[in-house]
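Student: I have a protein model to look at, and some of the words used for it are new to me. Please go through them with me one by one.

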Amino acid sequence: MDNKALEPDSVDIPMEETVVCSGGCLSLAQTQLQQEPSMWAHLNKVENQITDGQCFFHLPKRSAVDLEFIDVSYTIQEGLCWKKTGLKSLLQSLSGRFCSRELVGIMGPSGAGKTTLMNILAGYREKGTKGQILVNGKPRDRKTFRKMSCYIMQEDILLPHLTPREAMMVSANLKLDETLEVKKNLVDEILTALGLLDCAHTRTAALSGGQCKRLAIALELVNNPPVMFFDEPTSGLDSVSCYQVVSLMHSLALGGRTIICTIHQPSAKLFEMFDKLYILSQGQCIYKGSVPSLIPYMKTMGLCCPTYHNPADFIIEVASGEYGELNPVLFEAVQGGMCTLEHRRNLCAANSSMVGTMFLFYFISMICPIMYCSIVYWMTEQPPEASRYLLFIALSICTALVAQSLGLLVGAASTSLQVATFIGPVTAIPVLLFSGFFVNFNTIPNYLQWSSYVSYVRCVNLRNIHSHNYRWTDMKI
Ligand SMILES: Nc1ncnc2c1ncn2[C@@H]1O[C@H](COP(=O)(O)OP(=O)(O)O)[C@@H](O)[C@H]1O
Ligand SMILES: [Mg+2]
């Protein structure tokens, strides 16, 4: 295999680090490992932890691809060619951007237009399509794009009489222009990464559903396409196989590829593995964004996900109209850019509500000491001097503000409400204990006297006493 020129943003495979050996190529890391057997065990261990998508040394290097579509609509002619009954709109004004390193899930109820959208993005449907499709910011050239992408269909079409290794060799021979040794290495590498080595010599007809799906992916991985489309890859698979397939897609995305996949109703665990969601209903987009923002966004639209409910089920129910005919509202919101702005708006709203709450807190922290001191000062028959009275109030306000700030600090630094309710009193006790009310300064052991200086309550006590004309030396209370 030739050493190809380095490209920026390229898909994971470190071809630049390969050195040509007789009959094939080895990565520098592998060569060094062979020279230093003592390091083998340690590095071998690390290598095993590398995700599937990141450990292909022999795949050809490809550039990363961002796919963008703007205002895409799709209509078809209904009826027979000689008796057309009219136009049917399958997709309406869809826009979005799917970037490299992202696992994108196109979701929606059956018939929502998921497969249609993916066929259009993959370049399989053009007639009747309106709108722009951009690849890395430039208009898509369908022919070139087809070469840099692959499409794994819902039904795997595999040759039943070939074993996975034979099928892979056929695929490698058809797609790659390399020596036989390199192709064999590559096939081994992909089969290992996809967990197909154990069944490499089993006929495809005898493979399980999950193995068939992984073989279909393996066959497409041979020329390392930077964009991969999957149409309902988990349909018909058991939960373990579903998990294997989705985590494999996730690893492939981590390797620098753009993975776009339609999925009907994933479990909560699988749902969380997606980096981006594109949710369709009746050919319209009702949500585009990340998984964690979905539920807060729906809440802003007046739709609350019931507790302990799978968010994936919830959004499919919303899209199916179980919560009322909300699609036009949600569609309008997406068109108006609310989805993308939502996160930013939430942050802004959180900031402004935080500032408001702080003002309220500090206002209360000032009003309460004023009220308290105004009563206590006169009740205890303190000298009727304005300066002393004002100083007394000012010191009390300062104490309240410091206490308030410390409370906020504890709240912000704590990981949960329980932790905060524990840390708050625990930190407040020494402040009170060494404030002078309970223990005289001179009776505190030397090594603990520093804690008395840290107590802000004690500082206020001292100042108050000072304001009542006591001598500083008397103030070691
Ligand atoms: N060639 C076609 N002629 C008429 N209707 C079609 C055609 N292809 C798709 N449809 C309709 O378009 C809708 C979306 O189809 P599809 O994209 O396959 O849905 P999904 O993959 O979300 O289940 C469905 O209602 C389907 O019946
Ligand atoms: Mg479909």
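Student: Why is K213 called buried?

Tutor: Buried means under 20% relative accessible area, exposed means over 50%, and partly exposed is in between, with a 1.4 Å probe and protein chains only. K213 has a relative accessible area of 2%, so K213 is buried. This is a predicted model, in which local features need pLDDT of at least 70 and side-chain atom pairs count only at pLDDT 80 or more, while totals for chains, interfaces and linings use all residues. Residues are numbered from 1 along each chain as its sequence is written, chains are lettered from A and ligands numbered from 1 in the order in which they are written, and side-chain values use heavy atoms, with hydrogens and water left out.

Student: What makes D156 and K213 a salt bridge?

Tutor: A salt bridge is a side-chain nitrogen of Lys or Arg within 4 Å of a carboxyl oxygen of Asp or Glu. The side chains of D156 and K213 meet at 3.0 Å, N to O, and that makes a salt bridge. D156 lies in the loop between β8 (149-152) and α5 (164-175), and K213 in helix α7 (residues 209-221), so the pair ties together parts 57 residues apart in sequence. Helices (H or I, at least four residues) and strands (E, at least two) are DSSP runs, numbered from the N terminus.

Student: Why is D156 called partly exposed?

Tutor: The relative accessible area of D156 is 28%, so D156 counts as partly exposed.

Student: How do you know that R388 and E385 meet in a salt bridge?

Tutor: Their side chains are 3.2 Å apart, N to O, which is a salt bridge. R388 has 12% relative accessibility, so R388 counts as buried. E385 has 37%, so E385 is partly exposed.

Student: What makes K276 and E102 a pair that links distant parts of the chain?

Tutor: The side chains of K276 and E102 form a salt bridge at 3.4 Å, N to O. K276 is in strand β11 (residues 276-281) and E102 in strand β5 (residues 102-107), 174 residues apart. Both residues, K276 and E102, are buried.

Student: How many salt bridges does a search of the whole structure find?

Tutor: The search finds nine salt bridges. D66, E68 and R97 are linked in a network of them.

Student: What is the distance from an oxygen atom of ligand 1 to the side chain of T115?

Tutor: An oxygen atom of ligand 1 is 2.6 Å from an N or O atom in the side chain of T115. A polar contact is a pair of N or O atoms within 3.5 Å.

Definitions and conventions:
Polar contact = N/O pair within 3.5 Å; in protein donor to acceptor, adjacent residues only side chain to side chain.
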